[in-house]
Amino acid sequence: MAVSELNEDIQDQICDLLENLQQIEKLKNKDMRILLDKIVRQYGGKVVNK
């Protein structure tokens, strides 16, 4: 299962959670990239810092 095959609802939930954590200043951009990288590596992906 590729990352692009994740259920759209799950993608939306992940985005909402990350945005909420960032808004309450519990999650910085660097931390967000680390968490996303952990998720996508399970599917053979990699988060790229752009």
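Which residues in helix 1 meet which residues in helix 2? From helix 1 come Ile14, Leu18 and Gln22, and they meet Asn29, Met32 and Leu36 of helix 2. Sorted by class, this contact has four nonpolar residues, two polar ones and no charged ones. Keep in mind that this is a predicted model.

**How the two helices pack**
- The axes of helix 1 and helix 2 come within 11 Å and cross at roughly 155 degrees.
- As for handedness, helix 1 passes helix 2 in a right-handed crossing.

**Helix 1 and what follows**
- Helix 1 covers residues 8–23, which makes 16 residues.
- From its first C-alpha to its last, helix 1 reaches 22 Å, close to the 22 Å expected at 1.5 Å a residue.
- Just after helix 1 sits Glu25, where the backbone takes a positive phi of about 60 degrees.

**Asp37 in helix 2**
- Helix 2 spans residues 29–41, and Asp37 is one of its residues.
- Is Asp37 buried or exposed? Its relative accessible area is 16%, and since buried means under 20%, Asp37 counts as buried.
- Leaving aside residues up to four places away in sequence, Asp37 touches Lys46 and Val47.

Terms used:
Residues numbered from 1 in each chain as written. Predicted model: local features only at pLDDT ≥ 70, side-chain atom pairs only at ≥ 80, totals over all residues. Heavy atoms only, no water. Helix = DSSP H or I, 4+ residues; strand = E, 2+ residues; numbered from the N terminus. Buried < 20%, exposed > 50% of the residue type's maximum accessible area, 1.4 Å probe, protein only. Contact = heavy atoms within 4.5 Å. Expected span 1.5 Å × (residues − 1). Axes fitted to C-alpha atoms, helices over the stretch in contact; angles between N-to-C directions. Left-handed = near helix turned anticlockwise from the far one by under 90°. Nonpolar A, V, L, I, M, F, W, Y, C, P; charged D, E, K, R; others polar.
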